[in-house]
Amino acid sequence: NRQTHAMTNRMRIGYGWDSHAFKPGVPLKIGGIAFDHPSGLAGHSDGDVLLHAITDALLGAVAAGDIGSFFPPGDPRWKNADSAVFLQTALEEVRHAGYRISNVDTTLVLAAPKIGPVAEKLRERVAELLSIDPGSIGIKAKTPEGLDQDGVAVAHAVVLLEKQDDGDLLEQIAVATESEAAQQEQTQTQMDDFVRKLVGRRTSTPVRKPTFNTDDIT
Ligand code: MG
């Protein structure tokens with residue numbers, strides 16, 4: 001699925017759209033957040049309409065296809081999948097093409113639940129998933145006035161990408177190296193703890209005396 005054409009644009013724009021029907025008794029997830037609501041969004045994956053729209057916007061921005069070409073709906077691997085996985089794949093495509101996200105704007109269209117009270121939480125969660133500042137995420141919501149589609153949730157998303165310069169790439173490598181070093185250090189500490197625990201257990205069990213007198217052997 002990797003694009004093969006060199007991309008030289010300083011900026012690129014992407015647009016994504018998705019819809020899912022509400023279904024009673026299904027857990028509701030929007031923007032990576034679980035909602036306490038009597039119905040959820042039916043889908044092969046977790047039905048996260050907002051993350052699907054953002055995923056498509058990111059893939060579209062680097063002309064890398066769409067969510068369905070990466071994650072076919074019939075594939076059992078993606079049954080009830082966490083849509084954050086789709087988003088991460090799209091992010092990898094963006095990085096691979098040499099871009100980083102400048103900002104994202106979204107609009108949700110749904111009759112319920114109310115998005116206003118959780119908009120800030122959504123913004124922070126989506127920003128976290130995209131590894132960007134919450135100030136670079138727009139979350140807007142509307143009710144489907146006059147559309148006769150109260151049983152459906154719709155999401156629109158646009159993204160703007162910027163070409164990464166060498167400084168950005170160096171910083172990315174530095175961050176990756178740093179986190180790898182931290183991980184190794186953590187593993188070492190865990191191993192040390194484990195060994196200490198094992199040794200502790202050994203020394204706390206009574207040492208058995210030999211049942212024979214070694215002097216007799218000679
Ligand atoms: Mg979808």
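Reader: What makes Asp-18, His-20 and His-52 donors of the magnesium ion?

Author: Distance does. In this predicted model, Asp-18 (OD), His-20 (NE2) and His-52 (ND1) lie 2.1 to 2.2 Å from the magnesium ion. The cut-off for a donor is 2.8 Å. The three atoms therefore count as protein donors. Water is not among the atoms, so the site may look incomplete.

Reader: How are the donor residues of the magnesium ion spaced in sequence?

Author: The pattern is D-x1-H-x31-H. His-20 sits in strand β1, residues 11-24, and His-52 in helix α1, residues 49-61, so the pair ties together parts that are 32 residues apart in sequence.

Reader: Why is His-20 called buried?

Author: The relative accessible area of His-20 is 13%. Buried means under 20%. His-20 therefore counts as buried. His-52 is buried too.

Reader: What does the side chain of His-20 reach, and at what distance?

Author: The backbone oxygen of Ala-42, at 2.8 Å. The side chains of His-20 and His-52 are also joined, by a polar contact of 3.2 Å.

Reader: What makes the link between the side chains of His-20 and His-52 a polar contact?

Author: The limit is 3.5 Å between N or O atoms, one able to donate a hydrogen and the other to accept it. The His-20 and His-52 side chains come to 3.2 Å, so the pair falls within that limit.

Reader: On to the aromatic rings. How many aromatic pairs does a search of the whole structure find?

Author: Four. One of them is Phe-70 with Phe-71, a tilted pair at 6.3 Å centre to centre and 35° between the planes. Another is Phe-71 with Phe-86, also tilted, at 4.3 Å and 35°.

Reader: Why is the pair of Phe-70 and Phe-71 called tilted?

Author: Ring centres must lie within 6.5 Å to pair. Those of Phe-70 and Phe-71 are 6.3 Å apart, so the rings pair. Planes under 30 degrees apart count as stacked, and over 60 as edge-to-face.

Reader: Which parts does the pair of Phe-71 and Phe-86 tie together?

Author: Phe-71 lies in the loop between α2 (67-70) and α3 (84-96), and Phe-86 in helix α3, so the pair ties together parts that are 15 residues apart in sequence. Both Phe-71 and Phe-86 are buried. Phe-70 is buried as well. One aromatic cluster is formed by Phe-70, Phe-71, Trp-78 and Phe-86.

Reader: Where does Phe-71 lie in the lining of the second largest pocket?

Author: Among the residues nearest the centre, with Ser-45, His-52, Ile-67 and Pro-73. The lining has 16 residues, and the space is about 230 Å³. β1 gives the most, with four residues. By class, the lining has seven nonpolar, seven polar and two charged residues.

Reader: What lines the largest pocket?

Author: It is lined by 14 residues, with Arg-95, Arg-100, Ser-131, Gln-164 and Gln-172 nearest the centre. The space is about 350 Å³. Two or more lining residues come from each of α3, β5 (99-109) and α5 (166-204). α5 gives the most, with four. The lining divides into seven nonpolar, three polar and four charged residues.

Reader: Which residues does a cis peptide bond join?

Author: Ala-112 and Pro-113, with omega about -5°. Most peptide bonds are trans. Pro-113 is placed in the loop between β5 and α4 (119-130).

Terms used:
Residues numbered from 1 in each chain as written. Predicted model: local features only at pLDDT ≥ 70, side-chain atom pairs only at ≥ 80, totals over all residues. Heavy atoms only, no water. Donors = N, O, S within 2.8 Å, 3.2 Å for Na, K, Ca; no water. Buried < 20%, exposed > 50% of the residue type's maximum accessible area, 1.4 Å probe, protein only. Phe/Tyr/Trp six-rings, centres within 6.5 Å; stacked < 30°, edge-to-face > 60°. 1 Å grid on protein atoms, 1.4 Å probe; cavity = no way out; pocket = protein on both sides within 12 Å on 5 of 7 lines; lining within 4 Å. Points joined across faces, edges and corners; volume = space filled by probe spheres on them. Nonpolar A, V, L, I, M, F, W, Y, C, P; charged D, E, K, R; others polar.
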